[in-house]
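Trainee: Could you walk me through this fold before I start on it myself? I'd like to start with the overall picture and then get into the strands and helices.

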Amino acid sequence: MRALRFHGWGTPPVLDDIDEPVRGDGQVLVQIEAAALAHLDLTVASGSFGMKPTLPYTGGVEGSGVVLESDDLPSGTQVMLRGAGLGLLRGGTWQERVSVSRKAVTVLDPWLPAEVAATFFVPTTTAAVVLRDIARLEPGEKVAVVGAAGAVGASVVQQALLAGATVTGLVGRAEQLADVPGGVLLGDVPAGWAEERPFDLLVDTLGGTDLSVRTGWVRSGGRAVVIGYVAGTQTTLDLPNWLLADVALLPVNMIRHERRARELGPEMIRRLAAGELSVTTETVPAEDGADALERMATGRVRGRAVLRF
């Protein structure tokens, strides 16, 4: 059986032949149909994260497949795999078959394409938590989404539009325009935004040194929600001017919101199946997984990348 494994911290993964998994008591044996590549996988593989599987280990914190053997699920049931230490404390989804704890298994009903099933959970539930629970978006508000072509950014755009907001999506490269959902205004940042402050809400997936500049686009009393830091882990606030601007800076810690995300999961599945929401994916053969990880680290993957064995 093939698996994509890390043999050292900070080194690329290697496609290995490993033993077939043996289903333990209470576990579910799953045939992997699509295995997601996530930024958390990169973080764990760096060796600097607080959770470290024993080397060598199989990566993959998310995936989808069909049940082969289970105590309570019929064979052929489509499932999403996530949690219970997958890819964090034990081998993950980057293998042809895996035996996992029942609590890591979510039944997908209705059915979703395998690539979507493997990748939808984080972007769609993160967007829902951001807009509903953290930003408390109201219909008619004006929203700027920075990094709108990314998986989370695109889902924020879609769900904000469905909630009745006016959305302006911003992307870094021209080729990313095709990955931004319809109904969004696109273009270079107007010079007047800093003076006009036209937005009620900024949703920022990039972070970095320019974050404080982007918060200046938001009206007094508005909100700036920070989801990620792919553009850099540090920013500087000039406190007197930040206080004068009166923009709330709101962090998103999805580990703390995991229970809420799981509550929202069934609704996201229904909306994806109905075509109300979508997730852009790029399918990668398992032998090209190391290259895809490198491209993902530099923002050169369309939407969410998934491995197929």
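This is a predicted model: local features need pLDDT of at least 70, side-chain atom pairs count only at pLDDT 80 or more; totals for chains, interfaces and linings use all residues.

Trainee: What radius of gyration does the protein have, and what would a compact globule have?

Mentor: The C-alpha trace spans about 60 × 40 × 35 Å along its principal axes. With 309 residues, a compact globule would come out near 19 Å, so the protein agrees with that at 20 Å.

Trainee: What is the strand order in the open sheet of five strands?

Mentor: Look at the edges: β10 (166–170) and β13 each pair on one side only. Neighbouring strands of this sheet are turned by 20° against each other on average, ignoring direction. The pairing is parallel, and the order reads β10-β9-β11-β12-β13.

Trainee: Which residue is the bridge partner of V143 in β10?

Mentor: Start with strand β9 (residues 142–146), which runs parallel to β10 and is joined to it by five bridges. In β10, V143 finds its bridge partner in V167.

Trainee: And which residue of β12 does F199 stand opposite?

Mentor: Strand β11 (residues 199–204) pairs with strand β12 (residues 218–226) in the parallel sense, over five bridges. Across that pairing, the residue of β12 opposite F199 is V218.

Trainee: Moving on to β13, what is the bridge partner of V226 there?

Mentor: β12 also pairs with strand β13 (residues 248–251), again in the parallel sense and over four bridges. In β13, V226 is partnered by P251.

Trainee: Now the helices: are α3 and α4 parallel or oblique to each other?

Mentor: Two packed helices are described by the angle between their axes and the distance between the axes. Helix α3 (residues 121–134) and helix α4 (residues 151–162) have axes 8 Å apart, at an angle of about 50°. Angles from 65 to 115 degrees would count as roughly perpendicular and those under 35 as roughly parallel. That's why α3 and α4 are called oblique.

Trainee: How do the residues of the contact of α3 with α4 divide into nonpolar, polar and charged?

Mentor: The crossing of α3 and α4 is right-handed. α3 brings P123, T124, T126, A127, A128, L131 and R132 to the contact, and α4 brings A151, V152, S155, V156, Q159 and A160. The residues of this contact divide into eight nonpolar, four polar and one charged.

How values were computed:
Residues are numbered from 1 along each chain as its sequence is written. Side-chain values use heavy atoms; hydrogens and water are left out. Axes are lines fitted to C-alpha atoms, for helices over the stretch in contact, and angles run from 0 to 180 degrees between N-to-C directions. Helices (H or I, at least four residues) and strands (E, at least two) are DSSP runs, numbered from the N terminus. Angles under 35 degrees count as roughly parallel, over 145 as roughly antiparallel, 65 to 115 as roughly perpendicular and the rest as oblique. A crossing is left-handed if the near helix is turned anticlockwise from the far one by less than a right angle, and right-handed if clockwise. Contact means heavy atoms within 4.5 Å. Ala, Val, Leu, Ile, Met, Phe, Trp, Tyr, Cys and Pro count as nonpolar, Asp, Glu, Lys and Arg as charged, and the others, Gly among them, as polar. Two strands pair if DSSP finds at least two bridges between them. The radius of gyration is taken over C-alpha atoms; the globule rule is 2.2 Å times the number of residues to the power 0.38.
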